[in-house]
Amino acid sequence: MAMAFSNATSSTYKCMVQMINYTGEGAYVVISLINPQGEYEKTLYVQGDDDEWYHDISEWWHFFSKKHPNIDAITGATVGGGERAIHVIEIDDTKIDAGYSIRFETAVEDQEYYVNDVEFLLTAENVKSKQEGKGFIRYVRMIPN
């Protein structure tokens with residue numbers, strides 16, 4: 001008799017980003033996994049698919065431009081003032097409750113850049129909660145899939 005074992009090593013989360021009301025172009029939002037040393041480990045999602053503007057998200061760009069992985073599968077349109085975007089991100093289960101963080105960076109053309117608009121520790125509790133933003137993001141809500 002054959003037995004099937006599931007070795008799920010990652011989980012998916014619905015991630016809703018609610019923007020503040022602002023005027024101007026759509027915001028580029030980069031969601032990154034940050035290791036316990038505070039360094040970028042992985043790009044989880046990019047809202048904004050015109051790579052001509054990626055350098056405006058300067059902290060992430062320093063990391064991304066060195067490795068330059070193919071991120072086509074994890075990009076989408078920018079999100080405007082007062083709008084919300086919902087997408088699914090995948091996080092390795094070993095990163096939860098292990099000192100890793102998730103960072104949401106935002107930039108809007110001819111406006112501000114927020115390197116840590118939202119940043120929080122990846123804990124079992126935090127991935128099920130609402131996190132307030134400091135810049136263009138009003139809040140982020142994570143829901144395990």
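View 1. Tryptophan 60 is buried, with a relative accessible area of 0%; buried means under 20% relative accessible area, exposed over 50% and partly exposed in between (1.4 Å probe, protein chains only). The model is predicted: local features need pLDDT of at least 70, side-chain atom pairs count only at pLDDT 80 or more, and totals for chains, interfaces and linings use all residues. Residues are numbered from 1 along each chain as its sequence is written, and side-chain values use heavy atoms, with hydrogens and water left out. Tyrosine 54 is also buried, with a relative accessible area of 4%. Rings of Phe, Tyr and Trp (its six-membered ring) pair if their centres lie within 6.5 Å; planes under 30 degrees apart count as stacked, over 60 as edge-to-face and the rest as tilted. Nine aromatic pairs are found in a search of the whole structure. In one of them, the ring centres of tyrosine 54 and tryptophan 60 are 5.3 Å apart with planes at 80°, so this pair is edge-to-face. Ring pairs join Tyr28, Tyr54, Trp60, Trp61 and Phe64 in a cluster.

**View 2. The pair of phenylalanine 104 and phenylalanine 120.** The centres of these two rings, of phenylalanine 104 and phenylalanine 120, lie 6.4 Å apart and their planes are at 20°, so the pair is stacked. Phenylalanine 104 belongs to strand 6 and phenylalanine 120 to strand 7, so the pair ties together parts 16 residues apart in sequence. Helices (H or I, at least four residues) and strands (E, at least two) are DSSP runs, numbered from the N terminus. Phenylalanine 104 and phenylalanine 120 are both buried.

**View 3. The largest nonpolar core.** A nonpolar core is a set of buried Ala, Val, Leu, Ile, Met, Phe, Trp, Tyr and Cys residues joined through side-chain atoms within 4.5 Å. The largest has 28 residues, of which Ile89, Ile102 and Phe104 touch the most other members. Elements giving two or more residues to this core include strand 1 (10–19), strand 5 (84–92) and strand 6 (101–107). With four residues, strand 1 gives the most to this core. A second, separate core has twelve residues, among them Val46, Tyr54, Phe64 and Ile71.

**View 4. Strand 5 and isoleucine 89.** Beyond its neighbours within four places in sequence, isoleucine 89 is in contact (heavy atoms within 4.5 Å) with Ser11, Thr12, Tyr13, Cys15, Ile31, Leu44, Tyr45, Ile102 and Met142. Strand 1 and strand 5 run antiparallel and are joined by nine bridges; two strands pair if DSSP finds at least two bridges between them. Opposite serine 11 stands isoleucine 91 in strand 5.

**View 5. Charged ends over tyrosine rings.** A charge sits over a ring if NZ of Lys or CZ of Arg is within 6 Å of the ring centre and within 35 degrees of the ring normal. The charged end of arginine 103 sits over the ring of tyrosine 40, 5.1 Å from its centre. For lysine 130, the charged end sits over the ring of tyrosine 139, 4.3 Å from its centre.

View 6. Aspartate 97, in the loop between strand 5 and strand 6, has a positive phi near 60° and is a residue other than glycine. Aspartate 97 is exposed, with a relative accessible area of 53%. Aspartate 110 lies in the loop between strand 6 and strand 7 and has a positive phi of about 60° although it is not a glycine. Aspartate 110 is exposed, with a relative accessible area of 75%.
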